[in-house]
Every structure is written in C-alpha cells, then in structure tokens.
Amino acid sequence: MTAAVLRALHHGPDLPLVLPGPWDAASAKVFADAGFPALATPSAGVAASLGYEDGETPPDEMFAAIARITRAVDIPVSADVEAGYGLSAKELVARLTDAGAVGCNLEDTDHTAGALRDAEEQADWLAQVRAEAGDALVINARIDTYLHGVQDLEETVRRGRLYAGAGADCVYPILAPPPLLADLATAIGLPVNAVVTPDGPSPRQLGTLGAARITFGPGLQHQAMAAVAEMAERLREELGAGG
C-alpha cells in the first residue's frame with residue numbers, strides 16, 4: 001500500500017481515522033483482519049514487546065520489528081520512530097522504506113537534553129525528511145509541548161505551523177487538552193492526531209472534538225498484556241487447586 005492511500009485517509013470521508021497500534025506481526029494481523037484501513041505502530045508498545053523500556057529500543061531492532069509488521073498485513077503502516085535515532089534524513093527515509101512503512105511519527109523532543117528541541121531546527125530537519133521522501137511518506141509531526149508541561153497554545157500552534165511549512169502531513173500535539181483540538185486544527189491548518197488515554201474521551205468523542213486521526217500509544221498493548229496476566233493468574237489458581 002502506498003503513502004497516497006494513507007494520506008487520503010486523513011481527509012475522509014470516514015473521519016476520524018482510527019489507527020490501532022500493533023506491537024508485533026500477530027497483533028497487526030488481528031487489527032487488519034478486523035477491517036481497519038491502516039495501522040500506526042507505537043514505539044513504547046514495540047519496545048515492551050522486545051523487552052525494552054520506551055525510548056531504549058536499538059534502531060536495528062525497531063526497524064526489524066516494523067518490517068515484520070508491514071509484511072504481515074496488506075494495509076498501510078505508519079511507524080513511530082521517535083526522534084529519528086540520530087539518523088540523517090536520507091538514512092531515516094531509506095530505513096523506513098526498506099521496512100515497508102509509508103508513514104512515520106517524528107517527535108520534537110531532544111532525548112539527550114530531555115527537553116523540547118528548538119522548533120526551527122526541528123522544522124529544518126522535517127523539511128530534509130520531506131525532501132528525501134518526496135510524496136512517498138506521510139509525516140506525522142509530534143509536538144511535545146504539553147508532554148513537557150508547556151501549557152501554551154500559541155507555542156503549540158507556532159510549532160505546528162513551522163512543521164506544516166516543512167512538509168508535515170499531520171500534526172500530533174500529544175496530550176493537548178481535548179477541547180483545544182478543533183482550535184489547533186484550524187490554527188495549524190493540518191489534520192490533528194489525538195491519543196486515546198485510559199480516562200479520556202473515546203475515539204469517536206475525540207473526532208467530534210476536532211481530531212482527524214486517532215492513535216492509542218501503547219494502550220492496546222497494555223490491555224493485551226493485562227489479559228495475559230489474568231490468564232496466567234487463572235492458570236496458577238487452577239494448578240494450586242489441583243495440587
């Protein structure tokens with residue numbers, strides 16, 4: 001499947017675009033078989049499936065996991081590649097292409113400093129990724145202002161507009177208050193991604209509030225592992241009763 005297919009899904013007719021987050025090939029196939037039109041890998045969920053903490057997955061293992069997911073399904077897959085692992089735009093695009101991804105999340109956190117990256121520098125880098133990829137990659141530019149406690153709508157909009165100008169297809173102001181989603185979409189001029197949180201609005205409600213794209217972070221993987229934990233506990237109880 002091509003980036004053009006994924007890009008078109010962000011603009012309707014069926015919005016919001018709900019993208020389940022597979023953490024391995026098996027979960028990807030389950031979501032595809034359920035009829036979802038595309039998928040978006042969560043870096044934290046993939047990390048957990050590989051035995052790492054979020055942000056600690058070696059790039060080679062992350063791209064290998066993405067490749068296994070894309071091979072398992074025949075629908076578009078967008079990959080969360082965090083802040084790009086320090087790769088050049090050329091190498092990042094090449095590795096995403098080799099892995100079969102037609103979209104990516106790129107966040108504006110500087111993990112070395114543990115803070116927001118300079119917005120102009122991030123925009124320049126996004127522009128380099130766009131130049132390398134052409135139209136063959138849907139870029140979802142994550143804006144981490146609210147994640148870092150910068151409760152500033154104007155700064156979020158400023159970053160979003162810079163990233164839009166750099167060629168982003170979508171922006172992802174992670175953890176932005178849901179009532180602000182429509183204002184952010186209007187001010188930035190791109191589809192807005194919102195994440196489903198345990199105590200927050202449902203995917204349908206987030207769409208009503210202005211999100212065009214809905215993702216889940218590692219939430220679905222966490223739910224799956226909670227089900228496995230319950231299964232394990234039942235097995236232990238059965239073994240104890242049988243002893």
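The following dialogue discusses how to read selected features of this predicted model.

Colleague: What is the strand order of the open sheet?

Modeller: Strands of a sheet pair through backbone hydrogen bonds, either parallel or antiparallel. Helices (H or I, at least four residues) and strands (E, at least two) are DSSP runs numbered from the N terminus, and two strands pair if DSSP finds at least two bridges between them. Here the order of the five strands is E2-E3-E4-E7-E8, with parallel pairing. E2 and strand E8 (170–173) stand at the edges with a single partner strand each, so one side of each has no neighbour in the sheet.

Colleague: How many bridges join E3 to strand E4?

Modeller: Three bridges join E3 to E4 (residues 103–107), and Asn-105 in E4 is the bridge partner of Asp-80. On the other pairing of E3, two bridges join it to E2 (residues 39–40), where Ala-40 stands opposite Ser-78. E4 is also joined to strand E7 (residues 138–143), by five bridges, and Glu-107 stands opposite Arg-142 in E7. Four bridges then join E7 to E8, with Val-171 in E8 as the bridge partner of Ala-141.

Colleague: Through which helix does the chain cross from E7 to E8, and what is the handedness of the crossover?

Modeller: A crossover is right-handed if, with the strands pointing away from the viewer, the path from the first strand over the helix to the second runs clockwise. The chain passes from E7 through H7 to E8 in a right-handed β-α-β crossover. A right-handed β-α-β unit is also made by E3, helix H5 (residues 89–99) and E4.

Colleague: Are the residues of E3 buried or exposed, and which way do they point?

Modeller: Buried means under 20% relative accessible area, exposed over 50%, and partly exposed in between (1.4 Å probe, protein chains only). In E3 (residues 77–80), Val-77 and Ala-79 point one way, Ser-78 and Asp-80 point the other way, and all are buried. In E8, Cys-170 and Tyr-172 point one way and Val-171 and Pro-173 the other, and all are buried.

Colleague: Where does Asp-108 lie?

Modeller: Asp-108 lies in the loop between E4 and strand E5 (109–110). Asp-108 counts as buried because its relative accessibility is 0%.

Colleague: What does the side chain of Asp-108 reach at 2.8 Å?

Modeller: A polar contact is a pair of N or O atoms within 3.5 Å; within protein, one must be able to donate a hydrogen and the other to accept it, and residues adjacent in sequence count only if both atoms are side-chain atoms. The side chain of Asp-108 reaches the backbone nitrogen of Asp-144 at 2.8 Å, and a polar contact of 2.7 Å links it to the side chain of Tyr-163.

Colleague: Which side chain does Ser-27 join in a polar contact?

Modeller: Ser-27 lies in helix H2 and is buried, with a relative accessible area of 7%. Its side chain joins that of Asp-24 in a polar contact of 2.8 Å.

Conventions: Residues are numbered from 1 along each chain as its sequence is written. This is a predicted model: local features need pLDDT of at least 70, side-chain atom pairs count only at pLDDT 80 or more; totals for chains, interfaces and linings use all residues. Side-chain values use heavy atoms; hydrogens and water are left out.
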